[in-house]
Each structure stands twice: as C-alpha cells, then as structure tokens.
Amino acid sequence: MADKLWQGRFSEKTAHIVERFTASIQVDRRLYVYDIQGSIAHCKMLAKVAVITDEEAEAIIRGLEIIRQEIDENRLDFTDSLEDIHMHIESRLIEIAGPVAQKLHTARSRNDQVALDTRMYLRDETARLIQRLYRLQKVITALARQHLNTVLPGYTHMQRAQPVLLSHHLMAYYEMFLRDIGRLQDCLKRINVMPLGSAALAGTTFPIDRTFTAGLLGFESISANSIDAVSDRDFIIEFLAAAALCMVHFSRLSEELILWSTAEFSFIELPDSFATGSSIMPQKKNPDVPELIRGKTATAIGNLTTLLTLMKSLPLAYNRDMQEDKAPLFDTVDTLTACIEICTAMLPKIKFKKATMHQAACAGYLNATDLADYLAIRGVAFREAHRLAGEAVGFALAGKKELHELSLEQLQSICPLIQDDIFSFLTTGEMIDRRTSYGGTAAKRVAQAIATAEKWIDDPKEHLSDS
Ligand code: ARG
C-alpha cells in the first residue's frame, strides 16, 4: 500500500487500530457519484482560471470517469487505510492518471469537499422524497374520493365524539404530508448552497471562480463565509427534523391502522400480503408493517437528536466529530423512503368495513352536540342547551337507549321546544351534512377539498424534479 496522501509530516505509520477506528469508507462510499461529479467541476474550474492546463484537466476527468465506472461495477476495493471515499478516489486517480492527478486537490480541502458531497447527495434525496410524497398524496386523495359516503365516529380523548366522513379523516393525513412536502422544499433552499472553494476553513490563495463551479453543479448560490461553510451542518439537522416529523405522521397513521384492525374496533382489514402470522398462535394476523413504521419513527427521532447533540458545543470550524453525521443521515433517508413506499403500496389494499364503522358512529350519543345545536337554533342559549342535552343523555342512558330512540314526549319533557323534526336532525347523515363550515366534514366540503388536492397534485409547477 502506498503512503497516505497526508503522510509527509509523519515519521511513523498509522496504527491499524487507529485506521479502523477513524475510517468512514464503509459509510461514505455512498457519496462516490457526488464526489466524482464535484471533482470534475472543480477540475474544469481550475482549468478555466488557468491553475492547470486544459490537457491536465482532460487527463484528470478521464481518470475520474474510469473510477466512476469501476465503483459502479463494484471493481474498486475499499480499505480502511484510505479512510474515506475522497481519499480512495484521489489515490486511485493518481494510480490511473499519474502525477498530474496530484493537481486536483489544488485550492480544495476534504473539509469543503465533504460538505459539497453531502449537500449534493441530500439535494437529490430530498427531491426524490418529495416526489414519493406526491405519489402517496395521490393514493390518499383517491382513497378519500372512494369513501366520500363512508361514515365513522370521529374521536377525541379516544372516546367517540362526532360522526365524520372517512374521506375527511383521510384528508387530514393529506394535510400533514402537504406540510411535510413544504418543509422539505424549504430545506432544499438551504441545502442548495455550494461550499466548495472554502478550502480547509479560510478560503484559498488561488484565483478560483466559485460561481463557475456552482453553475456546473447546479447550485443556486455559493456560501458567503468559508468558516461557516465547512462547519455548517444545519442543512442536515433541518432535513432530519422535517423527516422526523414526517415519520411522526406515518406513526400516527400506523397507530390508527393498528387500532382499527383489532377485533375491538374491527374498522379495517389489512391485506394478507401486508400482514404476518404468529409462529405459535395460528389464528393471528399481525399488523407488523404499521408496527414497524411506528417503531422506525423512534430511529428517525433519534437520528435528529444525534445530529443536534453532535453539533452542540462544537467549536468552529471543521472537527472530525462531524464525520459521524453521515450514518444517521443515510439511515433517516432510507427509513423515510421505505416508509413512504410501503404506505403508498398498502393503503389502497386496506379493506374498510363500512357497516361496522357506520354502526359505531350511530351509537354512543354522538348526536348530543346536535341536540344542543337544535335547541340553540331555537333560541336557547348554548350553555343552557348543552345542559339540557346532557340531561337528555342521562335520561337515555338510564333507559339504555340512544337519544334518537327516545319518544317525542320524553324529549319534550326535557325541553318543550323539541318538535318532530328532531329525529331526522339527529341522524348521522344529516349531522355530517350540516357541518358545512370551511374545513368541516360535510360531503360537499370534503369533495371540494379533494378537488383542490387533485388539482394541486396534477400541477407540474408544484413538482420540483422527476426521479
Ligand atoms: N471523512 C471526513 C468526514 O466525513 C472527511 C473530512 C476529513 N477532513 C479532515 N480534515 N480529516 O468528515
């Protein structure tokens, strides 16, 4: 093995145990495409400002392209003694292109290089995640459209509260994921800043043209402070925060699917192809997919905490601690990608047991608010109306009946303003239809919300890039 590229000032070889401890190649090898792309752009810039000749640049670029192919085809051996992906590519380049390759690292440091690679990687992955979330939104919206007439109890405190449309409930998740997309788009603004040219921390003495390099790499802007550029990992933290929150949304959805698939609720049946059995209890059909999504949310939250803790109290500028940023970042990208994918595939296959859901919405005094509203419309102050409706619930409970099962006389004994029209007023269908306030569960409001969503999903202006 040749000497390390930084061996010059050392009189002893690095201990193997130290090589193993400090190496990050098994993690950061994933950045190779971006490392090569960044090096090609840097090299073109060096030729443009005449720090190297065009022939030298061509030789270096040819070598880099060979290496890309080698890694694509799994033909490059990775070794701890070469630390990281940047060193592997540079060492191999020197083997392939000869001494001219030693010029590539002019006006550059691994500190700005690793920041560049990570930003390019995350820019791509964020755009891909946004596209995946769009596809999920499509599935949710289509499902909501199918269930414009499906009724279920809405809950507060995990107690049946008021009847709602399943479509309305599903569109609540649409809103959450819409905000997630917005947050990821916002992250992209701060990811898409080019740090290259900051060198180790102070900038460089060479007459580099950073705007030219940024143009080649598709960056919208260049970093304004070299010290900040090599020590900033805010863009990772912001992404991990947005991703953790998105996972929290998946976790809440999963929790509902798990509850709804129990015998106690029996609102849904998960597709057999997305459930697993028990090795001992033959009757079991377990909701492992939503359970694992719920579980993986813990890792996503942990990864955010890891990065915040990693960066807290780090003095400027680059510190080796920062090498630990990549494993949690990659893990969250993979986890979120997998969860979006599996949810997108699973949701359309869920069987909603409409009759059971409807049944559950018709029992348990979910129309008590509407009885109060009925009285309030007829001039009773709402607080008094609320008290009277409560009395009616107590009366019905004592007789083991629902409110709408009481006779008109019984209802009138609580308040003489009650007329025969109360019975249709208290039906689930009418209760839902009356909730026409903007954002409410009335079918025509939900249909509007779905139409707005469909228009938004199909608007290519909203889509950042294809993947
Ligand atoms: N492997 C390092 C990392 O991921 C690259 C930067 C190393 N810089 C240094 N001065 N040792 O952070």
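Which residues are around the ligand? In this predicted model, in which local features need pLDDT of at least 70 and side-chain atom pairs count only at pLDDT 80 or more, totals for chains, interfaces and linings use all residues. Residues are numbered from 1 along each chain as its sequence is written, and side-chain values use heavy atoms, with hydrogens and water left out.

The shell around the ligand consists of S24, D28, D84, H86, R110, N111, V114, Y318, R320, Q323 and K326, a residue being counted if one of its heavy atoms lies within 4 Å of the molecule. These residues divide into 2 nonpolar, 4 polar and 5 charged, where Ala, Val, Leu, Ile, Met, Phe, Trp, Tyr, Cys and Pro count as nonpolar, Asp, Glu, Lys and Arg as charged, and the others, Gly among them, as polar. Helix α6 (residues 110-146) gives the most to this shell, with 3 residues, helices being DSSP runs of H or I with at least four residues, numbered from the N terminus.

Elsewhere, S167, H168, M171, Y174, L178 and I181 in helix α7 meet V446, A449, I450, A453, W456 and I457 in helix α19, contact meaning heavy atoms within 4.5 Å. The residues of this contact divide into 10 nonpolar, 2 polar and no charged.

Conventions: Helix = DSSP H or I, 4+ residues; strand = E, 2+ residues; numbered from the N terminus.
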